[in-house]
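Look at the two chains below. Keep asking what packs against what.

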Amino acid sequence: MDLLDDLVTLLPELILAALVLVIITTDLFLARRYKSVLTWVTVAGLVLAGAACVVVWNINETVYEGFYVVDDLSVFFKATTIVIGIFSALFAPSYLAVRRIPLGEFHMILVSALIGMCVLASSSDLITLFLGLELMTMPSYLLTGLHKTDRYSNEGGLKYFLLGSFASAILLFGVAWIYGLTGTTNVAEIAAAVDGTMSGALLVAIGFLTVGGTFKIAAVPFHYWTPDAYQGAPTPITGFLSAGPKLGAFALLIRVFADALAPLRADWLAIFLVLTVLTMTVGNVVALTQVNVKRMLAYSSIAHTGYIMAGLAAFANAGDEGAAAQGIESVLFYVLGYAIMNIAAFAVVAMLQRDTGRFGGLNSFRGLASRDPWRAGAMAVLMLSLTGIPPTVGFFAKLYVLLASIEAGLAWLAVIIVLNAALAAFYYLRVIVYMYMRDPEPEPAPLDTSPLGSVALALSVIGVIALGVFPGAVLGLLEVSAASLF
Amino acid sequence: MDGFPLLSAIVFTPAVGALLLLFVPATNYRAIRAIALIAALASFVFSLRLIGYDTGGAEFQFREDLPWIEAFGMRYTMGVDGLAVVLVLLTTLLSVVAIVYSFEPIKTRVKAYYITMLLLMVGMLGVFVSLDLFLFYVFWEISLFPMYFVIGIWGGPRRIYATVKFVVYTLVGSLLMLVAILAVVIAHGNETGTITFSYEALRGFGYADTLQALAFVAFFLAFAIKVPMFPLHTWLPDAHVEAPTAGSIILAGVLLKLGGFGFLRYNLPLLPDASVTFAPIIIGLSVIAILYGALVSMVQPDLKKLIAYSSVSHMGFVMLGAFVFNQQGLQGAIYQMISHGVTTGALFLLVGVLYEQTHDREIAHMGGLNARLPRYAAMFGLFTFASIGLPGLSGFIGEFLVILGAFQYNGLVAGITMVVVIFSAVYMLWMFQRVFFTVPSDWMRTHWSSLRDMSRGEWLALAPLIVLVVALGVYPGPVLELISAPVERIVEAVNGAGMTGFGPLW
């Protein structure tokens, strides 16, 4: 009964796949005014999939002829994926309803993307990896363009699709070179084959893989699609895009660079360092000039990509296994913390877009503190967390990256990170200035106060603070997860 | 030690108050003020228990030690030595004063205001009692943002510029300090095999010279910006001018002391070699700050700005005393911090009293107030003299000790410093004369009839400071005794230290 045993390891993915079908069929039979049931179905399914993650925790098995690996690293990614999915599903409905974007389609496409992320996290073969990547990004394109009657949404979707496919092709080309050089697509076999031997051809392969991979995480200079795609997409979906596909892409980078190409880490380190510094600095400098909060958050998400990449650089530069593991752990923690705070931040922007003529400009935030102290307070906490102020998850995430960088002998990188964080304080605090220190507009933006979104926002803020004060709760899991790589 | 977590109670009572305030209706001003005052008072009362600190006992008393984030050796460790005791008392007292004083002038967003003030208290107190570098850093940052809100929401016309400047200056310094903390911790961890953030474990460890030098620069930036030390002081006048009165009281009274405390608690014992090597530069900067602050104060047209610049000068004394590394200098530095907190806090409070009535702080707009407001003038005079350093009032002891310490270091430095003491008499007395004696300005005449002398609430807020400024001036014994052991430890730590690799800097 080997097949059945293997199936059990796929439990989270299977539940998600079943959930897609359930959503489609339920959607068919639901009257329009009962559509909100779909959100509950989705959330219930996701919670179930989350429970399944507990089942597959600690299995650490490679299944399906080495194509698929269910190690703790992948399970951690899957659990984070599901957290992202739950928050996205809770935040989106009221925004979509005002704009008459069909809820069923949204949930169904969202869950499909989640499956892609799970597959990506679990792939131990470059073919599976590519499959997961496409399964994740195709729905992402659709989500970006989901607001069919909106030009910007269409533009964002199209740009994302064109540039995204281009990058996928480049990545695939890199995979082909690797196959040509090593004769295998299996991650572990590649690692064995490239051990210690660097060649010009391998450099070309690494180049293609780097371009394709860093495009997906939106690292500078491959970030140009991000602001337009993020701004065009319906706002709660932007929150998902900034967290979900980014998580998937980091899973991809870890599988390719920290696993398959780990023996060559000394060779790809230099290019990663350059990209890391460029990414955080350019992201922050450009975010500084934005007057639209949605676009500002889009650029700031590029800066955060840079901080996360620093964790990978720490992995590559580490002198011993402990320091290397810490690099990976810092990536995992950052991705989790970033997902929680960023999705919520976009959600607050969305709440101020109840009036469809609002686009998330800074002025919508004017005087929010006197109009709605709770939401303003939540946004303030999120902004402080994104800046990296204790006691929030954003602070601890940054601390983790700093710790890993210094431990790996990259103290100068740590200095660049904190200088960037100080720069970022300017634009994050600007939102707080508008909320707390300026008077409301004469006709303030109407607020979306749906209970679903409010509860999700409260949960996010509690999560942001709880993980900031007691990060110890997940540190143990991180350690086990990162250990799968070594 | 009994089982009661006294230090946690001191630090977190205000937080409990802030939490309660969240659930009070925003229009019920009486309840809001009452809860804020009770929370601050409770914290003050708890802190009085610290007077029982046994100067002959262990270095850190009232200790609390709980595991926190074990993966990285971060612990919830608190404890106080004599230095922390006096600063905690100063903080709780000034916070109560600031809260009592705010009852009248703060009329907008009252609830948010008191929540912010209480959170500010949490941050400041936490900094003084932490014995774990991570815990310290967390509180350090927590103490920053409430002040950002206080200036930005309840401040003057250019408040946003001032508050952003304040935050960005401070944040750059503190983030670099974070890197330095981590570097020190990792260096210690690599050497000993255990990662720990414990202050007691990390100090006195012979870090490599390069690390010490770099870490010193980072710590120095964080603390020097806070002090603020010339040439990093430019945020201070802006922040003071725009801050509401209570904000200024706390800013001058406590927040600046966080910087001085940081130097004494962290820079010197953690990085003694770098401290000794860099000391001449810092002493030079301190002397410039003392002189520069005094000279610039003379020409200030705005009362608050004048007091702000005089703070630069007075805090220069603190830095000078700290870096001459002898008993007198260090004791003087600490005493000067306390005294400056009391006198400058009181002066800002008194400026606020007038400002609430006239909405103006131009010295040129005043004059002759002694005739109209005799009691107010008397109080202003008292604290003016305390600030100058008149014997019998608190300011004298600190400055005297610092100069005494400076003499042992270098006669020239002490000489310059003594001349500046005369300058400080010039600018303070000249200011006092223009405000209270000369003929009232035309502008002031238009307000003449509406002026009132100090109200009962203002007396209430000021009373403890009056008592303290005299008591500290005539009977410095208890405080000096409290701080003598910490001072000895610092002297011991830096004794014979110095970076071998760098050699003398000149």
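Q: What does the cover over the buried residues of H5(B) include?
A: Helices (H or I, at least four residues) and strands (E, at least two) are DSSP runs, numbered from the N terminus. Cover is judged by contact: two residues touch if their C-beta atoms, placed from the backbone, lie within 7 Å. In this predicted model, the cover of H5(B) includes strand S2 (74-80), helix H4 (110-129), helix H6 (144-154), H7 and helix H8 (199-202), each of chain B.

Q: Which pLDDT do side-chain atom pairs need to count?
A: Residues are numbered from 1 along each chain as its sequence is written, while chains are lettered from A and ligands numbered from 1 in the order in which they are written. The model is predicted: totals for chains, interfaces and linings use all residues, local features need pLDDT of at least 70, and side-chain atom pairs need pLDDT 80 or more.

Q: How many residues of helix H5 (residues 133-142) of chain B are buried?
A: A residue is buried if 20 or more other C-beta atoms lie within 10 Å of its own, exposed if 12 or fewer, and partly exposed in between; C-beta atoms are placed from the backbone. Among the buried residues of H5(B) are Phe134(B), Trp140(B) and Glu141(B). The rest of the structure largely encloses H5(B), because its buried residues number ten of the ten.

Q: What radius of gyration does chain B have?
A: Chain B has 21 helices and two strands. Its C-alpha atoms fill a box of roughly 75 × 60 × 40 Å along the principal axes. The globule rule is 2.2 Å times the number of residues to the power 0.38, with the radius taken over C-alpha atoms. For 506 residues, a compact globule would come near 23 Å, and chain B agrees with its 22 Å.

Q: What share of the 486 residues of chain A count as buried?
A: Chain A has 20 helices and two strands. Of its 486 residues, the buried share is 63%.

Q: Which helix gives the most to the side of chain A that touches chain B?
A: In all, 23 residues of chain A contact 24 residues of chain B. H17 (393-407), H18 (411-437) and H20 (472-483) of chain A each give two or more residues to this side. The side divides into 21 nonpolar (Ala, Val, Leu, Ile, Met, Phe, Trp, Tyr, Cys, Pro), one polar (the others, Gly among them) and one charged (Asp, Glu, Lys, Arg). With twelve residues, the top giver is H18(A).

Q: Is H18(A) roughly parallel or antiparallel to H7(B)?
A: Axes are lines fitted to C-alpha atoms, for helices over the stretch in contact, and angles run from 0 to 180 degrees between N-to-C directions. The axes of H18(A) and H7(B) (residues 159-192) come within 9 Å and cross at roughly 150°. Under 35 degrees counts as roughly parallel, 65 to 115 as roughly perpendicular, over 145 as roughly antiparallel, and the rest as oblique. Therefore H18(A) and H7(B) are roughly antiparallel.

Q: How many nonpolar residues are in the contact of H18(A) with H7(B)?
A: H18(A) brings residues including Val418(A) and Phe426(A), while H7(B) brings residues including Leu171(B) and Arg159(B). One residue of the contact is charged and none is polar; the nonpolar ones number 22.
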